[in-house]
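Hi there,

Here is the structure I promised to pass on to you. Have a look at it first, and then read my notes below.

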Amino acid sequence: MRSAPRGARRLVSGPCDTPAELAALVADAVRARTRLRARAIGDTAEALGAAAARWGTDAELLRDLPAVARLSAPVVAAAVRIAAAALDTSAMLALVEHEFGAGAAGRPAPAGPSLVGHVLAGNVPALGLPAIALGCLVGAAVVVKSGRDDPLSAPAFHRALAAVDPALAATVVTAYWPGGERAWEEAAFARADVVVASGTDETVAALAGRLGARLLAHGERVSVAAVSREGLGRDEPLAERLALDVALHDQRGCLSPCAVYVEADGRLSPMAFAERLAAALDTVARALPPGPATIEERAARRTLEGEAEWEPRCRVLGGAGGLVVYDPRPAFRPIAGRRAIRLHPLDTLAALPVMLPRGRVECVGLAASGPETAALVPALRALGVARICPIGRMQQPTLAWPRSQRLPLGSLLGRPGPSALEVEA
């Protein structure tokens, strides 16, 4: 393996210096999985849950990952806690029974792929955990290519799995190589029945040309939040919860809110909520400080501030903890990351779907009543939204999250099903 990121160690499941050796590791994993064909899915879920608990206390990972991921140690610690909790055994069993039917956890996995490949994005840590878990739950061997900014989490989880269930760990291969290395890519995925890829539109488009129908692509997506008058009237720390959603992963993930729509004429005005949110971002930053910014990121933030200050009726609020751009124009506009969010006033929450781009929004965080949320579901589903949840939960999806409206397990089995939307109460 070559050109490993600085600070990366033990990136591959076994001795591997050439693509041929990686291909041999993958072949061994497929054979190991064949030997577990009769294993009940529930036993697999229990092993994965135990491994996640062990992985969540990996001192080496918690020490090394912040520098590699360019995130502060407290942010990495929070991300690790969230990722480990998502692999809760009971939640995995519930997902299996939901997709495969009652009693499925006591049976072997249904007929499906012998090998599932994953190409992980590097923007958010610990994406290897759900990738490995979902592949194991459908009874496949799994090969994971980590992203550049987190080549450590997946091999660390593999080590944890080997400690609690060596036979299941033998079905998993983790690896890292720089993107575009065709020989390594071919070695990893030549035998894969399906390859799940997350990344930029450019990355997944390039993979689509090589992998064809075997590819399940997750390109660039964004998330937004919305607050109704009813939500503004609650006695809840709403701004603080939204600030947490912005701060986690330094706003680098597809579940990070980049805009918030706030209904006018509530107990708080949209401008007052913007001021409260800016203060909350500073408060959150004291517990979860931002990681080091690149020159490009600092330049993008200055550009955003400069442009907003010249826009009529816009206002820029915030400081070191984050930036809130109050923008009276309701149209959705992309915004630079690094804990920056655009706040738009809205006459009525019912107009929210009209403002959002089709096929680009992954999650909508809501502070609204049950009837208000229910009224939005059909239109948000039609736009391609995959997840609706309370503000403060946007960065904590369950394993059942149907990314890009695809069923987590069924999509690996070639059962696309209807467009899925998770609504978390």
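**A glutamate in H13**

Leaving out residues up to four places away in sequence, Glu275 touches Arg315 and Leu317, where contact means heavy atoms within 4.5 Å. Before going on, note that this is a predicted model, where local features need pLDDT of at least 70, side-chain atom pairs count only at pLDDT 80 or more, and totals for chains, interfaces and linings use all residues. Residues are numbered from 1 along each chain as its sequence is written, and side-chain values use heavy atoms, with hydrogens and water left out.

You'll find Glu275 in helix H13 (residues 270-287). Helices (H or I, at least four residues) and strands (E, at least two) are DSSP runs, numbered from the N terminus. Glu275 is partly exposed, with a relative accessible area of 36%; buried means under 20%, exposed over 50%, and partly exposed in between (1.4 Å probe, protein chains only). Glu275 and Val325 are 50 residues apart along the chain, and their C-alpha atoms are separated by 10.0 Å.

**The nonpolar cores**

A nonpolar core is a set of buried Ala, Val, Leu, Ile, Met, Phe, Trp, Tyr and Cys residues joined through side-chain atoms within 4.5 Å. Which members of the largest nonpolar core touch the most other members? They are Trp55 and Phe273, out of 91 residues. Apart from neighbours within four places in sequence, Phe273 is in contact with Val227, Leu232, Leu238, Ala239, Leu242, Val262, Leu268 and Leu343. There is also a second, separate core of 27 residues, which includes Val224, Cys258, Leu376 and Leu383.

The expected span of a helix is 1.5 Å times one less than its number of residues. For the 17 residues of helix H1 (residues 19-35) that should be 24 Å, and the end C-alpha atoms are 25 Å apart, which agrees. The buried residues in H1 are Leu22, Leu25, Val26, Ala27, Ala29, Val30, Ala32 and Arg33.

H4 has 14 residues that should span 20 Å, and its end C-alpha atoms are 20 Å apart, so that agrees too. In H4, Val75, Val76, Ala78, Ala79, Val80, Ile82, Ala83 and Ala84 are buried. Their cover includes H2, H3 and H6.

**Some loop residues**

Ser72 sits in the loop between helix H3 (59-69) and helix H4 (73-86). Is Ser72 buried or exposed? Ser72 is buried, with a relative accessible area of 11%.

His249 has a phi near 60°, a positive value in a residue other than glycine. Asp250 is not a glycine either, and has a positive phi of about 50°. His249 is buried at 7% relative accessible area, and Asp250 is buried at 1%.

Pro402 belongs to the loop between strand S12 (387-390) and strand S13 (422-423). Pro402 counts as buried at 4% relative accessibility. Setting aside residues up to four places away in sequence, Pro402 touches Glu362, Ala386, Pro408, Ala420, Leu421 and Glu422.

**Empty space**

Rolling a probe the size of a water molecule over the atoms shows where empty space is left. On a 1 Å grid over the protein atoms alone, a cavity is a set of points where a 1.4 Å probe fits but cannot get out, and a pocket is an open set with protein on both sides within 12 Å along at least five of seven lines; lining residues have an atom within 4 Å of a point. Grid points are joined across faces, edges and corners, and a volume is the space filled by probe spheres set on the points.

The second largest pocket has about 220 Å³ of volume. It is lined by 14 residues, and Leu95, His98, Ala400, Pro408 and Glu422 are the closest to its centre. Helix H5 (residues 89-100) gives the largest share of that lining, five residues.

As for cavities of 30 Å³ or more, the count is three. The second largest cavity holds about 60 Å³ of space. Helix H2 (41-55) and helix H6 (128-137) are the elements that give two or more residues to its lining.

Enjoy exploring!
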